[in-house]
Amino acid sequence: MDAACPRPAARPPAPALAAAAVVAALTLGPLAAVAVVAGGAGAPGPADWAALRFTILQAALSAGLSVALAVPLARALARRRFPGRRALITLLGAPFLLPTVVAALGILAVFGRRGLVNEGLAALGLPAVQIYGLQGVVVAHVFLNLPLATRLLLLGWLAIPAERFRLAAALGFRPADIARHLERPVLRAVLPGAAATVFLICLSSFTVALILGGGPRATTLELAIYQAFRFDFDLPRAAALALAQLGLCAAALAAAARVALPAAFGPGLDRVAGWQAADSPGARAGDAAVIALGAAFLLAPLGAVVAAGLPRLAGLPPEVWRAAARSLVVALAAAGLTVTLALALAVGAARGAGHLALAGALPLAVSPLVLGTGLFLLVFPLADPSGWALPATALVNALMALPFAVRALEPAARAAEADFGRLADSLGMTGRARLRLLTLPRLARPLAFAAGLSAALSAGDLGVVTLFAGTGGATLPLEVFRLMGAYRMTDAAAAALLLLALSLALFWALDRGGRGRAAA
Amino acid sequence: MKYPTLAAGCLIVALAGPASAEVPVLTVYTYDSFVSKWGPGPAIEAGFEAVCGCDLRLVGHGDGAALLARLRLEGVRSPADVVLGLDTNLTAAAAATGLFAPHGVEAAYDLPIAWDDPLFVPYDWGYFAFVHDRARLPAPPASFPELAASDLTVIVQDPRSSTPGLGLLMWVKAAYGDGAADIWRALAPRILTVTPGWSEAYGLFLAGEADMVLSYTTSPAYHLIAEGDDGKAAAMFEEGHYMQVEVAGILAHSPRGDLAADFLRYLTGPEAQAALPTTNWMYPAVTPEGGLPAGFETLAVPAKALLFTPEQAAALRDAALAEWLAALSR
């Protein structure tokens, strides 16, 4: 990867090795535990192959469409300045942080049979659109993942030094030239990873795929694993399906790594980019339209979530607020762990141990259900797992957020190393001094983004806490689910709104710290 | 970055609270909605602890099927003394694990069927039914063929991930036997979507996405009693309605078998039975002396109760699922 500036092949830094070992042990260990308890892997049936095909199809469509739409949106957001831009960028990230059930209800409030779109069409005398089916799965996945893809691209765009744009302006570059010389290299560096990340997320989709897919046609691999565990208690088949999922993820990551090329712009002075070349009225109008459409698509379902939750928000029982406090603690613990691991992996990758960064993607490659079950199998002989529900949730959530954190940190870590690594080497700057004077300042923005994302994701995650279950120590997402299970849908909507607010506040507070240090 | 790791580690340790007590602890595994504040858990825990001189520890695990899967993973090392929340579609598999001991509990059950299972004690029950809004659907269909011939939309749950979903599978099988596959093919166009669990389905129904949702004949009681809304009703089907009987059992390896049996007696006793209808929104297994809560008398009662024995249900399950998948995957 560092072909442009060869340097003596360094030994992978010890922190990176340690982090990779920890992540591998915590992801592959549980998978191995399931396989060992199962006594090997079983043979998948014809229904499993159908599930595999559907899983790949929907994930590929969702990933393709998410990044295709993210390119114009990130571009427009990168080159326009308008009041409320920061708030909009933060808000646009919200869908990614929502528990999937809440997100699905939000989407149906807009696109469902009684949704805004169909009410509007009916008022105009037009036929209704049918959301249930493959189209619904893809719409929902784009809604959930477009924000992540946009943010990853935006981070790449903002990494183009302002000096390059000034040089481009001085050379009389037209938009087409800028696209060719500045934007395309960025996309080449960031797009494959973003697409692979969304693909991997969609591979383990289950609730959204089933609800919006309209029935068992939309059976995904994760649902097949769930069935093997819960309905058939066929552990060998569950292990086989989990291995298939792991293989699929490895293939997607390998493909992305082959396609991606690092963008080499050289160092700049970290000033905000100017876009004089794209200042024609046409380009402005185009960007405004893209931002308006993207915001409408992402914010309308969120508006539905807010509208449904507001009436009962003030009347929520104390249990829900206590659950919110628990979720906050879990989120902060998970964020600290994620950022520590991600930093070690990203810096290691930048210093020539690129394969170590792949460890950061491992958590996405292992089915959450298998991960939770395997961890349970590992913990059970040693301690009562139900007493470990919250720590296990924090740990697994930290792992689940790690792929995004590494994805966000790695380009900046590589750039810092390529641009300033030699200088630091020649000054003999190593260890803590290098971390404090070079790595942390250069990585402030993606670090804060990663911390915010990890905290927000952990606050919203439902998956693992249910597997470890507990004796009352419910997190906020679990409390939302409990309210729904007790017929209290309006209270559940209010608790979901609280969860959305908590996630967004966590993300905003942490992410803002980084942007303050490196103005975006 | 050593300090954040350390801090995270301390937090994790601090989060795992210790649980020590002098009094005997009775651990009951149940489904999650039982232990929530809005479920029967808090009342039953307080009530039993007042008489048992023990600490009742209710541990929630997903739903009934997830509960059984957890128990199979833990086997004889399970810390559970009692498992509460299986239904008759699961008890054959549960009994086959050999983990359960005879309970020896007797009660005068008010079930539409005779009960003589030596391993499992029923604590509440209900009929599956399609729930609708009276105002939006004043004349609901009265049978599966009528539903299939209508232009209505229904939301059902996936039998692979939901106990009501599996209940519907058994309902159609019990009513139509070998004709079940034809019924599913006819119903397929009416099924708007299939959700992983009851909560998502009921939430979509209340949001107005579909005309009917698979739930229980007792669901309208929640809206009436808790919300003062008499607008929801369960459509009565002439084929009869399949039952869900929820049961609890004692684990054979539990060192506190006597205390566990005491708990099951409490569970089928008047205090717990009076708490169940308005927390679990099901019929109590033993009608308490004061009768059912006001409002339950308004509920429609099916003319015919359908229920397979646990052995029949276990034997029919895989073939019935295959029919369902084939009909709905087209």
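Arg237(A) is buried, with a relative accessible area of 11%. In this predicted model, the side chain of Arg237(A) forms a salt bridge with that of Asp232(A), at 3.2 Å from N to O. Asp232(A) itself is partly exposed, its relative accessible area being 25%.

**The salt-bridge network**

Asp232(A) also meets a residue of the other chain: its side chain and that of Arg317(B) form a salt bridge of 3.3 Å, N to O. Arg317(B) belongs to helix H13 (residues 310–328) of chain B, while Asp232(A) sits in the loop between helix H11 (221–231) and helix H12 (235–259) of chain A, so the pair joins two chains. Arg317(B) is buried, with a relative accessible area of 17%.

On the side of chain B, Arg317(B) forms a salt bridge with Asp318(B), and the closest N and O atoms of that pair are 3.3 Å apart. Asp318(B) has a relative accessibility of 47% and therefore counts as partly exposed. The network of salt bridges links Asp48(A), Asp232(A), Arg237(A), Arg317(B) and Asp318(B). Over all chains, the count of salt bridges comes to 19.

| Residue | Partner | Distance, N to O |
|---|---|---|
| Asp232(A) | Arg237(A) | 3.2 Å |
| Asp232(A) | Arg317(B) | 3.3 Å |
| Asp318(B) | Arg317(B) | 3.3 Å |

**The interface of chain B and chain A**

How many residues of each chain take part in the contact between chain B and chain A? On the side of chain B there are 69 residues, in contact with 64 residues of chain A. The size of an interface is often given as the accessible area lost when the parts come together. Between chain B and chain A the buried area is about 6,000 Å², and carbon and sulfur atoms give 65% of this area.

Salt bridges across the interface number 3, and one between the two chains is that of Asp232(A) and Arg317(B). There are also 16 residue pairs in polar contact across the interface, with both residues at pLDDT 80 or more. The side of chain B that touches chain A is made up of 32 nonpolar, 19 polar and 18 charged residues.

**Chain A as a whole**

The secondary structure of chain A consists of 23 helices and 0 strands. Of the 520 residues in chain A, 57% are buried. Among contacts in chain A with a separation of 6 or more, 85% are between residues 24 or more positions apart.

Is Thr55(A) buried or exposed? Thr55(A) has a relative accessible area of 0% and is therefore buried. Its side chain reaches the backbone nitrogen of Leu221(A) at 2.8 Å. With neighbours within four places in sequence left aside, Thr55(A) is in contact with Leu203(A), Thr219(A), Thr220(A) and Leu221(A).

Leu69(A), by its relative accessibility of 39%, counts as partly exposed. Apart from its neighbours within four places in sequence, Leu69(A) is in contact with Val142(A) and Leu146(A). Between Leu69(A) and Gly421(A) the separation is 352 residues in sequence and 35 Å in space, from C-alpha to C-alpha.

**Helix H9 in chain B**

After H9(B) comes Gly208(B), which has a positive phi, near 90°.

Methods:
Residues are numbered from 1 along each chain as its sequence is written. Chains are lettered from A and ligands numbered from 1 in the order in which they are written. This is a predicted model: local features need pLDDT of at least 70, side-chain atom pairs count only at pLDDT 80 or more; totals for chains, interfaces and linings use all residues. Side-chain values use heavy atoms; hydrogens and water are left out. Contact means heavy atoms within 4.5 Å. Buried area is the accessible area (1.4 Å probe) that two parts lose on being put together, summed over both. A salt bridge is a side-chain nitrogen of Lys or Arg within 4 Å of a carboxyl oxygen of Asp or Glu. A polar contact is a pair of N or O atoms within 3.5 Å; within protein, one must be able to donate a hydrogen and the other to accept it, and residues adjacent in sequence count only if both atoms are side-chain atoms. Ala, Val, Leu, Ile, Met, Phe, Trp, Tyr, Cys and Pro count as nonpolar, Asp, Glu, Lys and Arg as charged, and the others, Gly among them, as polar. Helices (H or I, at least four residues) and strands (E, at least two) are DSSP runs, numbered from the N terminus. Buried means under 20% relative accessible area, exposed over 50%, partly exposed in between (1.4 Å probe, protein chains only).
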